[in-house]
Amino acid sequence: MKLRTKITTLVGLAALASMGVSGAFAQTLEIVKERGHLRCQVGAPTPGFYNLDSDGNWYGIDVAICQAVASAVFGDKSKLEIQSVTTQQRFTALANGDSDLLSRTATWTLSRDTRLGLDFMPPNFYDGQGFTVRKDSGITNAMQLKGAKVCVTTGTSTELNLTDFSRENDLGISNVTFDDFNVRDDTYLNGGCDAVTADKSALAGNLAAFPVPADHMILPITLSKEPLAPAVRQNDSQWANIVRWSVFALINAEELGITQANVDEMRANSKNPSVLRILGAEGELGEGLGLDKDWAYNIIKNVGNYGENYDRFIGDGPQGIGIAREGSLNALWTNGGLMYSPPMR
Ligand SMILES: N[C@@H](CCC(=O)N[C@@H](CS)C(=O)NCC(=O)O)C(=O)O
């Protein structure tokens, strides 16, 4: 009986492995440590989220998640290989083990969470879908898009929402689809579409780079919820915990007033037990994650807190795209937003 149970278990594991459910018993942390760096997936350069500076270095709020996890594991944010993968390929590249982590404006949806061999982590940006139109089109309201051609990237929730929106409002919109969002925008700019639709933050970043931004505008409507979240392969709780709590460490640091500049001073002098615990001066929070006690200290020291990263890359910082945080879902919960870390104790 015992032997039979054992054999059944082995057959079960082999079947899972042959089905490509590599995460069933894979320990991503061990794989990453052995390799010596994290493989983190982003998309084609997109302002605010993952972009390239003139030296070829990636930066952005999603890149900061990659750097945070590299810091948690290695204490060094540069132990990182950034992989730029197309929107179409992104989930397969994570599920088949090419990437350890996906951090690229992916909307958390039920089908993605249940059918693609992935687990979504806490959102690091709450977005919503919108439309950009030419000002001289006279369109000021999305209901005027009746019979319009709308340019959209394929393999996205954006494409599905556009179809829903047209159907719900009897608009008869034609979806003009593209793999490459640069070709999508060029087609729109050359008059091939009446509007372009994408996550509003991406629309804002892309519009700023149009030849004459003032000729275009983003319509006020927000037609969907787009909680943009990192994702990991499913069935690897340890790795999921590391990524989940790295995101929460960024948020918790902001809640506690810990910044990249004051983290050493706070670790040495704070009287707040929550500060001492997150920074590893007290307690053993890292142990449960399979990391050392400095894991969150290293995140904050190397990357800063959530708000610092928002300001740098999404807000008014020199590399930012000028999207106000105040009054938005991306504010801390204490300011009426959705950014909230469970207790770190
Ligand atoms: N949030 C949507 C849209 C994702 C998306 O298209 N993201 C854009 C930026 S908002 C992107 O990745 N662009 C770069 C690329 O296509 O490689 C989804 O998850 O389907």
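The structure is a predicted model, and its protein chain is divided into domain 1 (22-126 + 228-335) and domain 2 (129-224). Both domains give residues to the shell around the ligand, so the ligand lies between them.

- Strand 9 (residues 149-153) and strand 11 run parallel and are joined by two bridges, and Cys151 has Val196 in strand 11 as its bridge partner.

- The centres of domain 1 and domain 2, taken over C-alpha atoms, are separated by 30 Å.
- To the contact between them, domain 1 gives 14 residues and domain 2 gives 14 residues.
- On the side of domain 1 that touches domain 2, the residues divide into six nonpolar and eight polar, with no charged residue among them.

**The ligand shell**

- The ligand is surrounded by 19 residues, of which Gly43, Ala44, Thr107, Thr156 and Ala202 are the closest.
- By residue class, the shell around the ligand divides into six nonpolar, ten polar and three charged residues.
- At least two residues of this shell are supplied by each of helix 6 (157-168), strand 11 (195-199) and strand 13 (226-228).

**Helix 8, a covered helix**

- Seven of the nine residues of helix 8 (residues 200-208) are buried, and the helix is mostly covered.
- The buried residues of helix 8 are Lys200, Ser201, Ala202, Leu203, Ala204, Gly205 and Asn206; Ala202 is also listed with the closest residues around the ligand.
- The cover over these buried residues includes strand 7 (125-127), strand 8, helix 7, strand 11 and strand 12.

- Strand 1 runs parallel to strand 4 (residues 80-84), to which five bridges join it, and the bridge partner of Val42 in strand 4 is Ser84.
- Strand 1 also runs parallel to strand 5 (residues 101-102), with two bridges between them, and Cys40 stands opposite Leu101 of strand 5.

- Helix 13 (residues 295-303) is mostly covered, with eight of its nine residues buried.
- The buried residues in helix 13 are Trp295, Ala296, Tyr297, Asn298, Ile299, Ile300, Asn302 and Val303.
- These buried residues pack against helix 3 (61-74), helix 9 (237-256), helix 10 (263-269), helix 11 (273-278), helix 12 (285-289) and helix 14 (306-313).
- Gly304, which follows helix 13, has a positive phi near 90 degrees.

**Exposed loop residues**

- Gly56 is found in the loop between strand 2 (51-52) and strand 3 (58-59), and it counts as exposed because it has 6 C-beta neighbours inside 10 Å.
- Gly56 and Glu34 are 22 residues apart in sequence, while their C-alpha atoms are 26 Å apart in space.
- Met143 is found in the loop between strand 8 and strand 9, and with 12 C-beta neighbours inside 10 Å it counts as exposed, since a residue is taken as exposed at 12 or fewer.
- Met143 and Asn57 are 86 residues apart along the chain, and 41 Å separate their C-alpha atoms.

Notes. Residues are numbered from 1 along each chain as its sequence is written. This is a predicted model: local features need pLDDT of at least 70, side-chain atom pairs count only at pLDDT 80 or more; totals for chains, interfaces and linings use all residues. A residue is near a molecule or strand if its C-beta atom, placed from the backbone, lies within 6 Å of it. Helices (H or I, at least four residues) and strands (E, at least two) are DSSP runs, numbered from the N terminus. Ala, Val, Leu, Ile, Met, Phe, Trp, Tyr, Cys and Pro count as nonpolar, Asp, Glu, Lys and Arg as charged, and the others, Gly among them, as polar. Domain bounds come from an automatic or database domain assignment. A residue is buried if 20 or more other C-beta atoms lie within 10 Å of its own, exposed if 12 or fewer, and partly exposed in between; C-beta atoms are placed from the backbone. Two strands pair if DSSP finds at least two bridges between them. Two residues are in contact if their C-beta atoms, placed from the backbone, lie within 7 Å.
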